[in-house]
Amino acid sequence: MALSGVFGPESSWPDQDLIALSQEFDADLVVAAYASGVFPMPLPESGWPDAMGWWSPVHRGVLPLDDVRVTRSLRKSARRYVVTVDAAFDEVMARCADPARPSGWIDGRIVEVYAELHRAGVVHSVEAWTSSGDLAGGLYGVSLGGLFAGESMFHDPVLGRDASKVALLGLVELLDDGVEGRLLDVQWVTDHLESLGAVEVDRPDYLRLLDEALGLPAPNWGLRRGRVPEV
């Protein structure tokens, strides 16, 4: 396996989700981490509030592109939204980073570095808009070759609780372009994601899938016009 990166071989990692801490945190390190199967997440309520935590879950959440579950109600709900890509990254990031959200973890360091990576074409957002042009939900994540690593998603509870799911469906449509081996990483499986078909894979299996995905061409992120996802 070609993966080793800045965190060393997987065989040297602890048998837990948190594998490292660092004071260093910048765009280059973040890209190297994702290419190694690792992602950053701060530890604001730990004994190391200034350190960055680096995570590689023992049981990693992935969403198989060919097995996404779309209920009849979600199919109906999707028709009410317009989906775009990279049309409102700053607003999506701000909404995901809202400190009022329960279990919020996105701090200023994350916002700054991921905004830099967005400008570099590495981080992308997907938005779901109402017919009147209001942002109802969205998500953002990291794209490297055939990997898309989802980082966070939100929905506006007033405008529609399914909006984040609709944005995710739009992402799946974009990734499911006929190239075999694309990998949609969702970090951990939540009830929300499990309802859409997310599953857990063991860390070694995830790293094997990642190794294969990194060698693939990136999807076409040139989509700018709104469209309703094919569901």
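Colleague: Where does S22 lie, and how should I read a strand label in this model?

Modeller: S22 lies in strand β1, which covers residues 18-22; helices (H or I, at least four residues) and strands (E, at least two) are DSSP runs, numbered from the N terminus. This is a predicted model, in which local features need pLDDT of at least 70 and side-chain atom pairs count only at pLDDT 80 or more, while totals for chains, interfaces and linings use all residues. Residues are numbered from 1 along each chain as its sequence is written, and side-chain values use heavy atoms, with hydrogens and water left out.

Colleague: Which side chain makes a polar contact with the side chain of S22?

Modeller: A polar contact is a pair of N or O atoms within 3.5 Å; within protein, one must be able to donate a hydrogen and the other to accept it, and residues adjacent in sequence count only if both atoms are side-chain atoms. The side chain of S22 makes such a contact with the side chain of W54, at 2.8 Å, and the side chain of D26 reaches the backbone nitrogen of L29 at 2.8 Å.

Colleague: In what order do the seven strands of the open sheet come?

Modeller: Strands of a sheet pair through backbone hydrogen bonds, either parallel or antiparallel; two strands count as paired if DSSP finds at least two bridges between them. Here the order is β5-β6-β7-β8-β9-β4-β10, and the pairing is mixed. The edge strands, each pairing on one side only, are β5 (82-85) and β10 (199-202).

Colleague: What are the neighbours of β6 in that order, and how does β6 pair with them?

Modeller: In the order of the sheet, β6 stands between β5 and β7. Strand β6 (residues 123-129) pairs with β7 (residues 135-144) in the antiparallel sense over seven bridges; S125 has Y140 as its bridge partner in β7, and V123 has V142.

Colleague: Why is β6 described as largely enclosed by the rest of the structure?

Modeller: Seven of the seven residues of β6 are buried, so the strand is largely enclosed. V123, S125, E127 and W129 point one way from the strand, while H124, V126 and A128 point the other way.

Colleague: Which residues of α4 are buried?

Modeller: An α-helix has 3.6 residues a turn, so residues three or four places apart point the same way. In α4, the buried residues are I110, V113, Y114, A115 and L117. The helix has twelve residues and reaches 17 Å from its first C-alpha to its last, close to the 16 Å expected at 1.5 Å a residue, where the expected span is 1.5 Å times one less than the number of residues.

Colleague: Which members of the largest nonpolar core touch the most other members?

Modeller: In soluble globular proteins, nonpolar side chains tend to be buried together. A nonpolar core is a set of buried Ala, Val, Leu, Ile, Met, Phe, Trp, Tyr and Cys residues joined through side-chain atoms within 4.5 Å. Of the 47 residues in the largest one, W54, I110, Y114 and Y140 touch the most other members.

Key. Buried < 20%, exposed > 50% of the residue type's maximum accessible area, 1.4 Å probe, protein only.
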